[in-house]
Amino acid sequence: MATKTRASSKKKKAPAKGGKQGPEIIRVPETTVEIVSDSGEGAQKCGQIFGAVCAKMGNGAWTVEIIPAEIQPPPRTATGGSGNRVRFGTEEVTNWGDATNLVVAFNEQVLLGRVDLEALAEDAIVLLENQWATHPDEDIRKQWEEGLKKLSEHDYRIIEVPMEEECLKIVEDPRRGKNMFALGMLAWIYDRDRELIRGQIAHQFRKKSEEVYERNVELMEAGYAWAEKNLDFRIEVPTVPSDVPKVVMNGNEAVGMGVIASGMELCSMYPITPATAASHYLGDVFQKFGGVVHQAEDEIAAVGVAIGASYAGKVACTITSGPGLSLKQEFLGLAVMLEIPLVVVDVQRGGPSTGLPTKAEQSDLLTACFGQHGDSPHVVMAAATIEECFHSIVTARRIAEAFKTVVIVLTDANLATGVQPFPRPQVDARWQQTPVNLAPVSPDKPPYDWDPRTGLTPRRVPGQPGGMFTATGLAHNEWSKVAYDPESHQRGCQMRSRKMAVLQSTLKTPEIRGDSSGELLVVGWGSTKGAIEEAVDRARAEGLSVSSCHITILSPLPPGLKEMFSRFDRVMTVELNYSDEPDDPYITEDNRRRAQLCRLLREMTLVDVDCWSRVPGQPLRPGNILKAIKQRLEMGAKV
Amino acid sequence: MTHYGCSLLSCGVIDERHFEMEDYQGAIARWCPGCGDHSILTAVQRLLEEEQLKPEETVFVSGIGCSSRFPHYVKTYGFHGLHGRALPVATGIKLERPELRVFVTMGDGDCCSIGAGHWIHATRYNVDMVAMLLDNNMYGLTKGQTSPTTPEQFPSNTQPHGSYLRPLNPMSATLGVTNASFVAQTAEWIPQHLFETMRAAYHHKGFSFIRILQRCPVYTSSIYEAAVRSPDMIEMLIHDDGIHIPDLEEIYKNQVIHDPSNLGEARRLAEPDGKFRIGILYKNESLPRYLEIRRLPARTAEERVKLLNEELDRYAV
């Protein structure tokens, strides 16, 4: 695989086709493929279809988007690359993995962008569009030469492919068709079921004409035929048919379906990346279910409308990303104070400020927990997988209603745009909400009839005769009367806090992956789960004494953590947010700023929990986590 | 949306209750003596009584400020929320429960400053509710700061040398918004007019915006003093399709016939020219209403589950 075959004259010498004995078959348990293009050339569609087909064929798969912040950044730039990265294997794939084994690139600049990010394995195979070598623009030809020189510093096997030329035989504008040609090449290389591919093409272009579908299929077939004729290798990733029915979707779609499954009928939102796609999905289908996506005038209004709807009856939700969460905080405090159930989904991205709007980060945990002023006890939970994006919304709605409070569900850009197959949810009609209860209430019953054992109070909504009261954000007593006296405010805060104690008492201690005691325990939350577990599994396979656990409900934290931590010499969190490294020359024990879950765990357990975290704007790689694990193990015990 | 549920009262059982004004009496109002809000509260309670609105099916939503204490003083359901954010909450209530009668009270800081974005968009959504701007030209509860409607050069604690800017005109602003469907102005010291304006707003199908000129005895008593004393400064806009109170003709001699369907004329009349104009400036029930645009057929839990399974089929591997 490491042989370099760079065909210099594309016309005469077809690249890399060997003798007559057919292609070499390379069999691997898992592999990672990328397709990158300029924005607008459709690499993402190609990757999405390829990923879906892998999943449908029975491979475990994890797809992530490679996405620039702009809609149409300048062409042929290293930072403007757009595409998809598909890791698939025989077994379940839980994360995006380490390095890419094969890349299809539409120009050398977007490829160099990926190289700069160390995305490629050193022995990666590169299928590279080569029209630039003979491009009329001299600058472009020069860039091509220089680019290839840079690439030659690596051990990549570069195969030049005349994609433009081949596509021109079928379409006038290959910018609108090369992606399907690339898909066809991948179909041949990985022996993908072309019937399934045609089905996926039909799904992708369902809103377009039959002609568009047919042309795309034709391009795909052309790519397939070209690869068959010109390539000397095929890669086999055996598939195992699943014994349980599965579905494949991205995290935003899973969130949208979770909203429907949870029985919520109103999603009130304001456009923000990367959360908006969930609303796009709901906007498309929600009305079938009698649901409304309300696009409000701003983030504050979006949550205000959801709170108004929840106050008036059922539980509504709002979906946003970090900047939107910041804007909603005052309203979230109000919902906590008024004890109005509300589900908030925060699809996290890089921050602060506009930060990395299209890229993954786990930096909103603390603001989700503590962003409101005053004492504002509420629930924060995080989805770790795409499957959990679905189920966590159902759970969130139920907790919100049972405890009459705000539940914030954290996902992130990695989950939002990642695509993964998972067991098909068994939808239950009991997840739906019951009709609003408009039974009369006794005027002798206060609206906040707190049960001192639980802090809970029956829900009361407009329309219930006898129950009239004014919900107020001012400090109030059980009658919801404005009360500035010390006892009333103390009691209100205590009752709202007690609900969290009750919820906490129902939570289970997270399970440990690996031995229940040892040298190192790695603790994670949210979308890093797959990568952490893969790293821990590799470490254990090397004989290292490492275990991991993953926390789903982050506020209130589950019971038993302190005892669990006491069984390990050292505890560290691995997170996708910023922390100071302990060996940074400017950093001491006194000034070190730690990762977000790490802070919560230290406060809760009084254990000297360490952390390793990064903000690369992309998911963590298991290989890097493994390195961090080894480094921390060398540092010895710390509990 | 689906399933509003059903109370005995809405299930065909005849409701024989009769409500007196006292039935709408909430907590004792804690506004200053002489505050115009007292008169607005009375007019509202009179409206509720006259229309026999069921207290449990009526919701008063407010923001923060003197005027936003309003819900506490009316014995209906109430939502006393955030500064400037009454309108989104009211919109959410109507989206979930269109059958509820929703009234919104806001101050000039609430509506025209911190919540100005919501004011514009609520006007555009045209959700059926009555929105009252209780405009005393000043932040009262926080003790005398310049508001967007404070007259130019009028001193306050934040602008002690006088307000730097010309005041924002809530009438022209509302009339400039696409889909504005009911825009009226009235004054709390003319109770009959105040009441009739509220009643017209209540009966209007759509978003009814009323600006109520309101005296603040502590911070802005001088602003309306002249108009209160000399009715000649008031110009009453009258029309068969607007408000016409013959009893007031003797006191308020400046009566101008204005057809509230005439938007261009309404905008002209809204422009400041030294006169206090009260009446319905604009009214149009034919404009699209958000709830009716978004209203959807009800779905049962079973239907939703069936549809969701069909949706999952599309994603099945």
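In strand β2(B), the bridge partner of Thr470(A) is Gly78(B). This pair belongs to a parallel arrangement in which three bridges join β17(A) to β2 (residues 77-80) of chain B, where two strands are said to pair if DSSP finds at least two bridges between them. Helices (H or I, at least four residues) and strands (E, at least two) are DSSP runs, numbered from the N terminus.

The model is a predicted one, in which local features need pLDDT of at least 70 and side-chain atom pairs count only at pLDDT 80 or more, while totals for chains, interfaces and linings use all residues. Residues are numbered from 1 along each chain as its sequence is written, and chains are lettered from A and ligands numbered from 1 in the order in which they are written.

Turning to the interface as a whole, 63 residues of chain A are in contact with 53 residues of chain B, contact meaning that the C-beta atoms of two residues, placed from the backbone, lie within 7 Å. On the side of chain A that touches chain B, the largest share, 10 residues, comes from α10(A). The residues on that side of chain A comprise 38 nonpolar, 16 polar and nine charged ones; here Ala, Val, Leu, Ile, Met, Phe, Trp, Tyr, Cys and Pro count as nonpolar, Asp, Glu, Lys and Arg as charged, and the others, Gly among them, as polar.

Chain B itself contains 10 helices and 11 strands, and buried residues make up 52% of its 317 residues. A residue is buried if 20 or more other C-beta atoms lie within 10 Å of its own, exposed if 12 or fewer, and partly exposed in between, with C-beta atoms placed from the backbone.

Two residues of chain B deserve a look for their backbone angles. Asn137(B), in the loop between β4 (129-135) and β5 (138-139) of chain B, has a phi near 65 degrees, a positive value in a residue other than glycine, and Asn137(B) is buried because 25 other C-beta atoms lie within 10 Å. Lys143(B) also has a positive phi, of about 75 degrees, although it is not a glycine, but Lys143(B) counts as exposed, since it has 11 C-beta neighbours inside 10 Å.

Back in chain A, the peptide bond from Gly351(A) to Pro352(A) is cis, with omega near 5 degrees, and Pro352(A) is found in the loop between β13 (342-348) and α12 (365-370) of chain A.
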